[in-house]
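Please take the sequence and the structure together, and follow the chain from one place to the next as the paragraphs below lead through it.

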Amino acid sequence: MPTTIKQSNSNLSEENEEAIVTLIEGDGIGPEIIQQTIRILNEAKSGLQFEKVDAGSSVYLSGILSGIAENAWDTIRKYPTILKGPITTPRGKGYKSLNVTIRKTLGLYANVRPAKTYDPFIATNHPNTDIVIIRENEEDTYAGIEHRQTREVTQCLKLITVPGTEKIVRYAFEFARSNGRKKITCMVKDNIMKITDGLFANIFQTIAKEYPEIEAESMIIDIGAALLANRPQKFDVILAPNLYGDILSDIAAEVTGSVGMCGSANIGDFVSMFEAVHGSAPDIAGKNIANPTAVIKATVMMLTHLGKTEKAKLIRNAVLKTIEDGYRTADVFQNQKNTTLVGTKEYTDAIIDRLGKNPEVLSASELVKPKSFTLSLPTQNEKKELVGVDIFLDIPNDRDPNVLGKNIEVITENFLHLKMITNRGVKVYPKGQKETFLTDHFRCRFISPNGGKIQHKDITAVLTLLESKGYDYIKTENLYEFDGVPGYSLGQGE
């Protein structure tokens, strides 16, 4: 059955109605920039009330490794729009990123990060840049599934799913359509990660056909990031999986002025969260020098999300007028003519003084909330067949792959065929190269002696034999074909 994705709006309000927002003040500079933002909201008569919840450093240090109090979840469900300050995650094992926890737990699948220059008022090498980064927010390497497998080797799993990718791709196109954007650039590394990034790229190209009015292009992430840093004006909307999107959004923020000027939205089906892009900056906390612009801009996005578009415009225009009039916090102050260095509070005072005034030069793109959409890619009904297995061995000593390969062939010859052995993805048996650097982590690929399907009991038998000979198997990955197409990366010569 198709699934309809609705933008979270259970506390959606009319322009002048009251709305209650869950508030996480954060750590470091978080409380001061949040409180200054609330001053602006109150002076603008935004009609927002706040229900504060405990999260961040103090909760971590109380022994809650997730960084958020248990009763906070009930508050968030009751008031599903969150305004959040930056959080400090304590260093050390066991502590989980609160940002990742909230995004994944509450299904905040779309991270929207606009980046726009304020030229000629704030210096930039790239004038007339207006980009929106749309980042998948739940999957990829940020799934946080990591293992130390041997004394020398660790791994991080990269997970890309069909429904997760379809949601973010459709959101990107609906966002572009709603906001009058003309082009989406999808950045991946599908020339290397052909299955994971390849899936993301293929779904992007499939869905792009449903939006003929929007130009769709794909780009390899490395050259894409380089072009973003050097020629950002060529981009409009950039779509990327989680890790790439995180990096790209910081690049976009820097080339357009400062990370301190960029806010972001985290959008889910039921809950949405609005926050600054930057971190908690504990070294400048309490010194009245932090730039509150990022969290103010995030709040403008939040007001639009809540249906308070006129209040969003009121605050946005006051910020732009303040920038035009030369008020600068330390992070963007360059001692230019007709500029004044001010602190956090004084900068906020200047914005409040300009509520109701419009900028004369600067303009900001409207960020209209996309309409609901339906997931409609067909259910995957391919025929799935087990055709082999990769068994990973910890070989701390005697790492000669030729000796290892011949020994394993003797052990398993009556069950499965050893097709190859790799080390860090490079084939080392048969016919490996002597120059290849070896770790203690060997992958042994087994297939049926006669080709075709195998059974799980074949894998169990091989594992039992290897264990009986003293081999430490640390992981297995079953090899499947889907409608005859390998669902695994092929080795050399396959």
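**A walk through the predicted model**

Asn338 is exposed, with 66% of its relative accessible area open, where exposed means over 50%, buried under 20% and partly exposed in between, for a 1.4 Å probe and protein chains only. The model is a predicted one, in which local features need pLDDT of at least 70 and side-chain atom pairs count only at pLDDT 80 or more, while totals for chains, interfaces and linings use all residues. Residues are numbered from 1 along each chain as its sequence is written, and side-chain values use heavy atoms, with hydrogens and water left out.

Asn338 sits in the loop between strand S14 (327-328) and strand S15 (340-341), where helices (H or I, at least four residues) and strands (E, at least two) are DSSP runs numbered from the N terminus. The phi angle of Asn338 is near 65°, a positive value in a residue other than glycine. Asp140 also has a phi near 65°, again positive in a residue other than glycine, but Asp140 is buried, at 0% relative accessibility. Its place is the loop between S6 and strand S7 (146-148).

Asp119 and Pro120 are joined by a cis peptide bond with omega of about 5°, and Pro120 is found in the loop between strand S5 (110-116) and strand S6 (130-136). Another cis peptide bond joins Tyr429 and Pro430, with omega of about -10°, and Pro430 lies in the loop between strand S19 (426-429) and S20.

The aromatic side chains come next. A pair of aromatic rings is described by the distance of the centres and the angle of the planes. The structure holds 5 aromatic pairs, counted for rings of Phe, Tyr and Trp (its six-membered ring) whose centres lie within 6.5 Å, with planes under 30 degrees apart called stacked, over 60 edge-to-face and the rest tilted. One of them is the stacked pair of Tyr171 and Phe175, at 6.4 Å centre to centre and with 25° between the planes. Because Tyr171 and Phe175 are 4 residues apart in helix H5 (residues 162-178), about one helical turn separates them. Tyr171 counts as buried at 3% relative accessibility, and Phe175 is buried with a relative accessible area of 3%.

Phe173 and Tyr211 form a stacked aromatic pair too, with 4.9 Å between the centres and 20° between the planes. Phe173 belongs to helix H5 whereas Tyr211 lies in the loop between helix H6 (196-208) and strand S10 (215-220), so the pair ties together parts that are 38 residues apart in sequence. Phe173 is buried at 0% relative accessibility, and Tyr211 is buried with a relative accessible area of 4%.

Lys234 lies over the face of Phe235, at 4.9 Å from the ring centre, and Lys384 lies over the face of Tyr480, at 4.3 Å from the ring centre.

The residue Gln233 is in the loop between helix H7 (221-230) and strand S11 (237-240), and counts as partly exposed at 38% relative accessibility. Leaving out residues up to four places away in sequence, Gln233 touches His126, Pro127, Asn128 and Thr129, where a contact means heavy atoms within 4.5 Å. The side chain of Gln233 reaches the backbone oxygen of Pro127 at 3.2 Å. The C-alpha atoms of Gln233 and Asp130 are separated by 7.1 Å, although the two residues are 103 residues apart along the chain.

Not counting residues up to four places away in sequence, Asp394 touches Gln149, Thr150, Arg151, Asp440, Asp472 and Ile474.

Conventions. Lys NZ or Arg CZ within 6 Å of the ring centre and 35° of its normal. Polar contact = N/O pair within 3.5 Å; in protein donor to acceptor, adjacent residues only side chain to side chain.
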